[in-house]
Amino acid sequence: MRIPRMAIEAESPEQLGYDRLKFNLTESSVRDRDLAEFDLDLKALTLCYGDHLGRADLRAMIAARAGGGLTADDVLITAGASAALFMIALTLLEAGDHMVVVRPNYATNIETPRAIGCDISYLDLRFEDGFALDLTALAALTRPSTKLISITAPHNPTGVALAEADLRAVIAIGEACGAPGGAHVLVDETYRDMSFAPPPPVAATLDPRAISVCSLSKAFGIPGIRTGWILTRDADLALRFLCAKEQIGICGSVVDEAIAAAAYAQAGTWLAANDARLRQAFTTVRDWMAGEPLLEWVEPGGGCVAFPRIREDAGVDVAAFHRILNEDHAAYVGPGHWFEQSDRHFRIGYGWPTAEELAGGLDAISKSLRAARS
Ligand SMILES: Cc1ncc(COP(=O)(O)O)c(C=O)c1O
């Protein structure tokens, strides 16, 4: 299998060097936390192989928060949501299999099935439709042979939320197509804990064919411990995912999982604090957008990212804009090509920067737009 390097990773801020960035508006998370914030003594931790499913107390907490009767046995801890997505694709899909995936999207949701050689139908979200899922179009893309429907909610890079009725409709579309029992529905819920309005239920609680993926990278601000998970109520499927995990790395890191358990125990406090901070940062972005005539956007329903675009008639040289932004202002956004879109679009991550960095970055964008006008 030939796996390409994804632009979103090759050009990521950590690969570029954080010290080169003055205004880092590329991140799709809250600020990264330091280990010092944890009241943790790891000296007594035995560095043995861990439970192959993942640490039991962590899985129990995740299942309890997901609700819907899920238990610790329905949770498989993975090395981030990215490993979860890779394992799911590898487990469910073979070359030639048909699947439907939303585009734009976090690259792994598309690149791994593409590397496997799947027959992919893209459900293209349109700016003009408010980046909403078109359920009729989705149903039309499915076939009797469809193996997987893959969506991301809340959505990356647009920040658009999904209503419960729409989530249920997607699952129903999955049930109505595909192999006996229907196609599986993968819901990448990596941003679920960053919703301004109450999010829909965890997809895996709604149907055994629905698979949920999430992680501690974004809302908890601890991507460095590489901890995510897969949820499914289908025991046979859960076993297949475990087999994939054991092939890759047997079990997770006991150090990561100890930190993850300590972090997850703080979910109530940390997520409430995020919510207040994200709402404030979102207001900053919304006020700036209201006064920025060269851009247009679909206002996100929450989260930590927005995906504005440069107006067609703004007379902005798009390549020059990104160059000036990077080189003259040391400011970075996520350019559209990270998501297979034109660079006229760009993702702004407003949850990670400090209030000063966010204001400085937005100002740098406005200045760069004007400097790049012909
Ligand atoms: C939608 C989505 N899924 C999965 C991931 C992978 O996250 P991680 O592996 O850090 O948990 C990302 C990262 O940006 C993402 O945006």
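**What backs up the labels**

Valine 305 has glycine 349 of β14 as its bridge partner. This is a predicted model, where local features need pLDDT of at least 70 and side-chain atom pairs count only at pLDDT 80 or more, while totals for chains, interfaces and linings use all residues. Residues are numbered from 1 along each chain as its sequence is written.

Q: What makes β10 and β14 a strand pair?
A: Two strands pair if DSSP finds at least two bridges between them. β10 and β14 (residues 346–349) have two bridges, in the antiparallel sense, so they meet the cut-off of at least two. Strands themselves are DSSP runs of E with at least two residues, helices are runs of H or I with at least four, and both are numbered from the N terminus.

Q: Why are β10 and β13 called edge strands?
A: The open sheet here has three strands in the order β10-β14-β13, with antiparallel pairing. β10 and β13 (334–335) each have a single partner strand, so one side of each is left without a neighbour in the sheet.

Q: What is the strand order in the sheet of seven strands?
A: This open sheet runs β2-β8-β7-β6-β5-β3-β4, and its pairing is mixed. β2 (75–78) and β4 (119–124) stand at the edges with a single partner strand each, so one side of each has no neighbour in the sheet. From one strand to the next, the twist averages 20°.

Q: How do you know that β5 pairs with β3 and with β6?
A: Count the bridges. β3 (residues 98–103) and β5 (residues 146–152) pair in the parallel sense over four bridges, with valine 101 partnered by serine 150 in β5. β5 and β6 also pair in the parallel sense, over five bridges, and isoleucine 149 stands opposite valine 185 in β6.

Q: Why is β6 called largely enclosed?
A: A residue is buried if 20 or more other C-beta atoms lie within 10 Å of its own, exposed if 12 or fewer, and partly exposed in between, with C-beta atoms placed from the backbone. Five of the five residues of β6 (residues 184–188) are buried, so the strand is largely enclosed by the rest of the structure. His184, Leu186 and Asp188 point one way, Val185 and Val187 the other way.

Q: Why does helix α9 count as largely enclosed?
A: Eight of the eleven residues of α9 (residues 254–264) are buried, so the rest of the structure largely encloses this helix. Among them are Asp256, Glu257 and Tyr264. The buried residues of α9 pack against α3 (56–66), β2 and α10 (267–290); contact is scored when two C-beta atoms, placed from the backbone, lie within 7 Å.

Q: What makes serine 28 buried?
A: Serine 28 has 25 C-beta neighbours inside 10 Å, so it counts as buried. Its place is in the loop between β1 (23–24) and α3. Not counting residues up to four places away in sequence, serine 28 touches Asn156, Lys218, Cys304, Val305 and Gly349.

Q: What makes a set of residues the largest nonpolar core, and which touch the most other members?
A: A nonpolar core is a set of buried Ala, Val, Leu, Ile, Met, Phe, Trp, Tyr and Cys residues joined through C-beta atoms within 7 Å. The largest one has 109 residues, of which Ala84, Ile88, Val185, Trp229 and Ile230 touch the most other members. Helix α4 (residues 80–92) gives the largest share, nine residues.

Q: Why is this core said to lie between domain 1 and domain 2?
A: Domain 1 (7–28 + 268–371) and domain 2 (45–265) both give residues to the core, so it lies between them. The bounds come from an automatic or database domain assignment. The C-alpha centres of the two domains lie 26 Å apart, and the contact takes 22 residues from domain 1 and 23 residues from domain 2.

Key
Axes are lines fitted to C-alpha atoms, for helices over the stretch in contact, and angles run from 0 to 180 degrees between N-to-C directions.
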